[in-house]
Amino acid sequence: MADDLQDRLDEQLRYYRARAPEYDEWALRQGRFARGTRERARWFAEIAKLEQALDRFRPSGNILELACGTGQWTERLLPYADRLTAVDAAEEVLVLNRRRVGDRVMHVHADVFTWTPTATYDVVFFSFWLSHVPPEQFDRFWTLVRRGLAPGGRVFFIDNLASPEAAELDPEHPGPDEGSVTRHLSDGRAFRIFKVLHRPKRLEAELARLGWDATARRVGHYFLYCRATPGAES
Ligand SMILES: C[S@@+](CC[C@H](N)C(=O)[O-])C[C@H]1O[C@@H](n2cnc3c(N)ncnc32)[C@H](O)[C@@H]1O
């Protein structure tokens, strides 16, 4: 990997390590992320739709979660899993994830850009992660996902949506084609991170190019979800 790309990925990871104690405020719409009652209600209604989509997908068996964070979705995956392995490169978020889900989950401290799965899984899941994968690493990331899948395995992920409504709500939202953004912590520290906002149709086409059968759907103003399986050729 080129040095400057590695430097940027290192900065992105430093951001998430430093942000760990305040990360959940974003998902819970608290503190700096609190908005009016209407937006809050919309946000949680859309999160409920993501949960319903996950339920319809019916994850099962041996599940791998990449870039698991503090466990917002790890705990939602747990009831579906026979076994759940959760990977993240930030020890600080893994501590919080462990606190949330305990030893029912096997936690792995690893960098997704260099890690190779040592097992295969029935389901690979990631939430709010693909948008942090730089375009230069997109294909390679999907090779890793493919390697992690058992025969018949499936992928489900959710992410932020490229939408004007989402941009309006968040002053640190990247422009639709920008690919990176400067994010601030509550103490004012600033970090440049990758944020590639995907659109469902384009995402389906990108994944088809790599040999995946993917179905991506917009969820309201803020989110998308996608299910994918390796195509017959791959
Ligand atoms: C936007 S958060 C998403 C967390 C979680 N999936 C969620 O939905 O709450 C991105 C996560 O990616 C992790 N991360 C950043 N760089 C990583 C890398 N190179 N390998 C693995 N995880 C990484 C961060 O520590 C952070 O937990």
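I took two strands as paired where DSSP finds at least two bridges between them, and I kept in mind throughout that this is a predicted model.

**Entry 1, strand β5.** I began with the antiparallel partner of β5, strand β9 (residues 223-230), and found six bridges joining the two; Asn 160 of β5 has Phe 223 as its bridge partner in β9. I then turned to strand β4 (residues 121-127), which runs parallel to β5 and is likewise joined to it by six bridges, with Tyr 121 bridged to Leu 149. I looked up how enclosed strand β5 (residues 149-160) is, and nine of its twelve residues are buried, so the strand is largely enclosed by the rest of the structure.

Which residues touch the most other members of the largest nonpolar core? I found Leu 50, Trp 73, Phe 156 and Phe 223, in a core that counts 40 residues. Helix α3 (residues 37-57) supplies the largest share of this core, namely six residues. I went back to Phe 156 and, leaving aside neighbours within four places in sequence, listed its contacts: Ala 53, Leu 54 and Phe 57, then Val 124, Phe 125 and Phe 126, and finally Tyr 225, Cys 226 and Arg 227.

I recorded a count of 22 aromatic pairs. Among them is the pair of Phe 138 and Trp 142, which is tilted, with 6.3 Å from centre to centre and 50° between the planes. Why are these two about one helical turn apart? They are separated by about one helical turn because they stand four residues apart in helix α6 (residues 138-147). I also checked their burial: Phe 138 is buried at a relative accessible area of 5%, and Trp 142 is buried at 1%. Elsewhere I noted one aromatic cluster formed by Tyr 15, Tyr 16, Tyr 23, Trp 26, Trp 43, Phe 128, Phe 191, Tyr 222 and Phe 223.

I looked for arginines over tryptophan rings and wrote down two cases. The charged end of Arg 29 sits over the ring of Trp 43, a member of the aromatic cluster, at 3.7 Å from the ring centre. Arg 76 lies over the face of Trp 73, 4.1 Å from the centre of that ring, and Trp 73 is one of the residues I had already listed for the largest nonpolar core.

Technical notes
Residues numbered from 1 in each chain as written. Predicted model: local features only at pLDDT ≥ 70, side-chain atom pairs only at ≥ 80, totals over all residues. Heavy atoms only, no water. Core = buried A, V, L, I, M, F, W, Y, C linked by side-chain atoms within 4.5 Å. Buried < 20%, exposed > 50% of the residue type's maximum accessible area, 1.4 Å probe, protein only. Contact = heavy atoms within 4.5 Å. Phe/Tyr/Trp six-rings, centres within 6.5 Å; stacked < 30°, edge-to-face > 60°. Lys NZ or Arg CZ within 6 Å of the ring centre and 35° of its normal.
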